[in-house]
Amino acid sequence: MHIRRPFAILACVTAGLLAAPSRSHSTSAVQAAEPRVINVVAKRYEFVPPTIEVIQGERVHIVVTSGDGLHGFGIKKFDVSKEIARGKSVTIDFTADAAGEFPILCTEFCGDGHEEMKGQLIVKTPEAGQP
């Protein structure tokens with residue numbers, strides 16, 4: 001079978017383009033694939049830091065450590081609910097896929113100030129800028 005030279009060249013170029021890796025991914029997009037690690041301490045009757053700011057679409061890896069007793073860490077919007085035993089840490093992974101302000105609550109009764117033990121997750125739109 002005889003193949004014309006222009007057709008053969010076009011076929012080779014097309015195959016090369018299909019096999020080549022995409023250059024549309026920027027360095028920041030690759031870095032964004034790594035979850036951001038945020039450390040939080042739960043202690044009577046507060047979360048430290050009390051406010052966490054992230055960008056919508058960001059993967060988040062929160063490490064929560066109990067500073068003094070049994071506590072919980074809950075963010076209802078992102079289906080997060082973890083118990084943290086005295087002196088222990090838990091990790092929480094999720095993608096902050098909705099913009100807004102969301103309460104962080106202690107989900108385990110920890111004493112008389114339990115109801116006041118609150119924090120806040122602020123998820124900014126990408127247009128709003130980095131936290």
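I count a contact when heavy atoms lie within 4.5 Å. With that set, I looked up Thr51: leaving aside neighbours within four places in sequence, Thr51 touches Gln120 and Ile122.

Before going on, a note on what I am reading: this is a predicted model, where local features need pLDDT of at least 70, side-chain atom pairs count only at pLDDT 80 or more, and totals for chains, interfaces and linings use all residues. Residues are numbered from 1 along each chain as its sequence is written, and side-chain values use heavy atoms, with hydrogens and water left out.

**Entry: Thr51.** I found Thr51 in strand S3. Thr51 is partly exposed, because its relative accessible area is 34%.

**Entry: the whole chain.** Helices (H or I, at least four residues) and strands (E, at least two) are DSSP runs, numbered from the N terminus. I get 2 helices and 9 strands, in the order α-α-β-β-β-β-β-β-β-β-β. Of the 131 residues, 31% are buried. Among contacts between residues at least 6 apart in sequence, 60% join residues at least 24 apart. The accessible surface (Shrake-Rupley, 1.4 Å probe; for residues, only the protein chains shown count as cover) is about 8,800 Å², and 55% of that belongs to carbon and sulfur atoms.

**Entry: the core.** A nonpolar core here is a set of buried Ala, Val, Leu, Ile, Met, Phe, Trp, Tyr and Cys residues joined through side-chain atoms within 4.5 Å. The largest one has 26 residues, and Ile62, Phe73, Phe78, Phe94 and Leu121 have the most contacts inside it. Strands that each supply at least two residues of this core include S1 (36–43), S4 (59–66) and S9 (118–124). I then listed the neighbours of Phe94: beyond four places in sequence, Phe94 is in contact with residues including Ile62, Ile75, Phe78 and Leu121.

**Entry: rings.** Rings of Phe, Tyr and Trp (its six-membered ring) pair if their centres lie within 6.5 Å; planes under 30 degrees apart are stacked, over 60 edge-to-face and the rest tilted. How many aromatic pairs does this rule give? The count is 3. Phe47 and Phe73 are edge-to-face, because their centres are 5.5 Å apart and their planes stand at 85°. They link distant parts of the chain, Phe47 in strand S2 (residues 46–48) and Phe73 in strand S5, 26 residues apart. Phe47 counts as buried at 2% relative accessibility, and Phe73 counts as buried at 0%. Phe78 and Phe102 are also edge-to-face, at 5.2 Å centre to centre and 80° between the planes. This pair joins the loop between S5 and S6, where Phe78 sits, to strand S8, which holds Phe102, 24 residues away. Both Phe78 and Phe102 are buried. Ring pairs link Phe78, Phe94 and Phe102 into a cluster.

**Entry: strand S7.** Which residues form the covered face of S7? They are Val90, Ile92 and Phe94, while Ser89, Thr91, Asp93 and Thr95 make up the uncovered face. Strands pair if DSSP finds at least two bridges between them; S4 and S7 run antiparallel and are joined by 7. Thr65 has Ser89 of S7 as its bridge partner.

Conventions: Buried means under 20% relative accessible area, exposed over 50%, partly exposed in between (1.4 Å probe, protein chains only).
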